[in-house]
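Dear colleague,

I am handing over the structure we spoke about, and my notes on its pockets and on one strand pair follow directly below it. Please read them with the coordinates open beside you.

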Amino acid sequence: MMAANDIHAMEALFVPGGDNHRAYRNALGSFTTGVTVVTAMTADGPIGMTVNSFASVSLDPPLVLWSPAKSSSRYSAFTDARHFAIHVLGADQDHLSAAFTRGGSGFDGVEVCFNDEEVPVLPGTLARFECVQQALHDAGDHTLVIGRVLRVAHRQGEPLCFSGGRFGRFAV
C-alpha cells in the first residue's frame, strides 16, 4: 500500500480556470462514460449529435438528462425540440458515433426510422429513450435538457465506452 505522501506527490492539484482547460478536460476524461447519439426533428429535417453527457434522473416519473454545449452549432435545434431520442451505442457501433460528431456524415448511409412524434430513431442501438422535453436548466457553458421518457427500446450487448479521449469497451 502507498503512503499518503506518495499518493499526493503523484497528484496535480489545481483550481480549474482559463489557463488550464486542457488539464481540467484530462481530469474529466478519467471518468469512463457511455456513448450516445441524440436525435431530433427540426424544420430543416432530422438532426443528430454524439453525446456522452447522459444520465438517469428519476425512475418515477421516468426522467433522463443530457447537456449540449451552448457553443455547438446544433444547440438551438436541440433546446428548441419538443421531442428527442437518446440512443445508447453498443461496442460495435462506433461508426454511428463518428457519423454524428462535428464534421461527421450525419444520417447519410445510416438506417433511420421515425417514431410517432416524427423523431428520427436509429434501430438496433443498445438502448433508446424516446422523450418529451420536461425542462431546461442553465448550467454554465451547457444547458441541462431533462426529458420525460415516453418509450424505451433495449437489447442485450456490450456498451461503447469513452475514456481518456478514446473509444473502447470493458475488459472483463
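Helix α2 gives the most to the lining of the largest pocket, contributing six residues. Please keep in mind throughout that this is a predicted model.

The largest pocket itself has a volume of about 1,500 Å³, and of the 37 residues that line this pocket, Arg25, Asn52, Ser53, Ala69 and His142 are the closest to its centre. The elements that give two or more residues to this lining are α2 (21-28), β3 (45-51), β4 and β11 (161-163). Sorted by class, the residues of the lining divide into 15 nonpolar, 17 polar and five charged.

The second largest pocket has a volume of about 180 Å³, and among its 14 lining residues those that lie nearest the centre are Thr33, Gly34, Val35, Phe54 and Val88. In this second lining there are nine nonpolar and five polar residues, with no charged residues.

Strand β4, already named for its part in the lining of the largest pocket, spans residues 54-58 and pairs in the antiparallel sense with strand β5, residues 63-66, over four bridges.

With best regards

Key: Residues are numbered from 1 along each chain as its sequence is written. This is a predicted model: local features need pLDDT of at least 70, side-chain atom pairs count only at pLDDT 80 or more; totals for chains, interfaces and linings use all residues. Side-chain values use heavy atoms; hydrogens and water are left out. Two strands pair if DSSP finds at least two bridges between them. On a 1 Å grid over the protein atoms alone, a cavity is a set of points where a 1.4 Å probe fits but cannot get out, and a pocket is an open set with protein on both sides within 12 Å along at least five of seven lines; lining residues have an atom within 4 Å of a point. Grid points are joined across faces, edges and corners, and a volume is the space filled by probe spheres set on the points. Ala, Val, Leu, Ile, Met, Phe, Trp, Tyr, Cys and Pro count as nonpolar, Asp, Glu, Lys and Arg as charged, and the others, Gly among them, as polar.
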